[in-house]
Amino acid sequence: MHKVAVVVQDGAEPFGLGAMCEVWAEPYHPEDDNPVFDFVVVTPRPGRVSGASGYDLYVEQGLDAAEDADLICVAPKRDFLEPSPEVADLVARAHARGAFVFAHCTGAFVLGEAGLLDGRRCTTHWRHVKVFAEAFPQARVDPDVLYVQDGTIVTGAGSAAGLDAALHLMRQQFGAKVAATAARRMVVPPHRDGGQAQFIARAVPDCVAETLGPLLTWILENLAEDLSVDALASRNHMSPRTFARRFRDETGTTPHAWVTAQRLVAAEELLELTDHSVDWIAAEVGFGNAATLRHHFTRARGVNPQRYRRLFSSRQDEATA
């Protein structure tokens with residue numbers, strides 16, 4: 001992935017464009033050794049692009065500048081129910097030649113207009129899921145996820161979920177270390193668990209104890225420990241049922257799913273940065289044995305640990321340099 005293009009249109013939402021700039025337009029930092037992309041912002045009619053928040057943009061490049069992009073990001077706009085035929089054609093051509101296409105938030109309406117979501121899993125902002133499903137009945141819309149990747153097509157939910165989706169792509173293409181470094185620079189988590197449901201307005205839960213923040217930090221520092229619901233509930237002086245309910249309220253997912261995700265992130269980093277065996281890494285991050293690690297890793301990442309190491313190991317890079 002070398003060239004990244006972001007498409008903006010009249011009514012451009014500033015956060016959507018800003019999120020893509022934060023991930024893909026960053027200059028080189030020697031201390032991070034981050035990848036640098038040929039980054040361009042394009043629009044159907046170059047010149048002044050009306051903004052949605054009291055100021056406009058000036059974009060010099062037309063859509064033709066995105067024709068050779070490896071990744072095309074469609075930023076959200078205010079009047080999303082009127083997808084641009086020119087942008088729909090652009091993303092359809094990009095998909096046909098094998099490029100990645102990423103729709104941030106309501107940018108998914110453009111992909112639907114292009115016919116790219118028929119029969120595919122996808123998502124958009126939870127507030128617009130019903131309208132989206134009615135407009136594109138053949139799309140398999142999932143209202144509760146932060147982002148979805150189906151082949152080379154990625155759709156993200158509202159606002160900050162665009163960062164989650166972009167970091168997912170960064171992690172997939174360049175490895176966990178690069179994605180974690182980008183996230184640290186932006187002061188965001190490299191991976192968030194749970195779905196959109198945790199952000200939909202609901203009654204504030206009755207909290208009779210401190211939040212789980214200190215416990216989550218302890219878990220990250222002690223992944224090899226017994227992290228069962230019973231053990232964690234006891235550590236936090238709660239009954240297992242109360243703890244499980246509180247955990248879902250605060251994280252949007254179950255204790256088992258959250259712990260498994262953190263163990264996978266730790267395994268990724270050890271696969272990239274060390275030459276320890278898969279058995280050693282499995283024990284170190286709490287999976288116990290290589291077979292269990294392989295099961296969870298392959299299911300979540302689509303490749304087994306050995307394959308992941310061959311793709312992203314920094315020690316292998318050093319050995320072949």
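Author: Gladly! This is a predicted model. Let's begin with a hairpin: E9 and E10 have two residues between them, and Gly151 there takes a positive phi near 70°.

Reader: How do these two strands run, parallel or antiparallel, and how many bridges join them?

Author: Strand E9 covers residues 147–150 and strand E10 covers residues 153–156. They run antiparallel, joined by four bridges. To follow the pairing on your screen, find Tyr147, which stands opposite Gly156 in E10.

Reader: And how should I picture the side chains along a strand?

Author: As a general idea, side chains in a regular strand alternate between the two faces of the sheet.

Reader: Where does Leu146 lie, and is Leu146 buried or exposed?

Author: Leu146 is in the loop between strand E8 (140–141) and E9. Its relative accessible area is 5%, and because buried means under 20%, Leu146 counts as buried. For a sense of distance, take Tyr28, 118 residues from Leu146 along the chain: the C-alpha atoms of the two are separated by 28 Å.

Reader: How many aromatic pairs does the structure hold?

Author: Nine. One of them is formed by Phe243 and Phe247, with 5.7 Å centre to centre and 55° between the planes, a tilted pair. Both residues lie in helix H9 (residues 240–251), four residues apart, which is about one turn of the helix.

Reader: Are Phe243 and Phe247 buried or exposed?

Author: Phe243 is buried, with a relative accessible area of 0%. Phe247 also counts as buried, at 0% relative accessibility.

Reader: Which residues form an aromatic cluster?

Author: Look for Phe80, Phe109, Phe132 and Phe136, which form one aromatic cluster.

Reader: What sits over the ring of Trp218?

Author: That is the charged end of Arg235, 3.8 Å from the centre of the Trp218 ring.

Terms used: Residues numbered from 1 in each chain as written. Predicted model: local features only at pLDDT ≥ 70, side-chain atom pairs only at ≥ 80, totals over all residues. Heavy atoms only, no water. Pairing = 2+ DSSP bridges. Phe/Tyr/Trp six-rings, centres within 6.5 Å; stacked < 30°, edge-to-face > 60°. Buried < 20%, exposed > 50% of the residue type's maximum accessible area, 1.4 Å probe, protein only. Lys NZ or Arg CZ within 6 Å of the ring centre and 35° of its normal.
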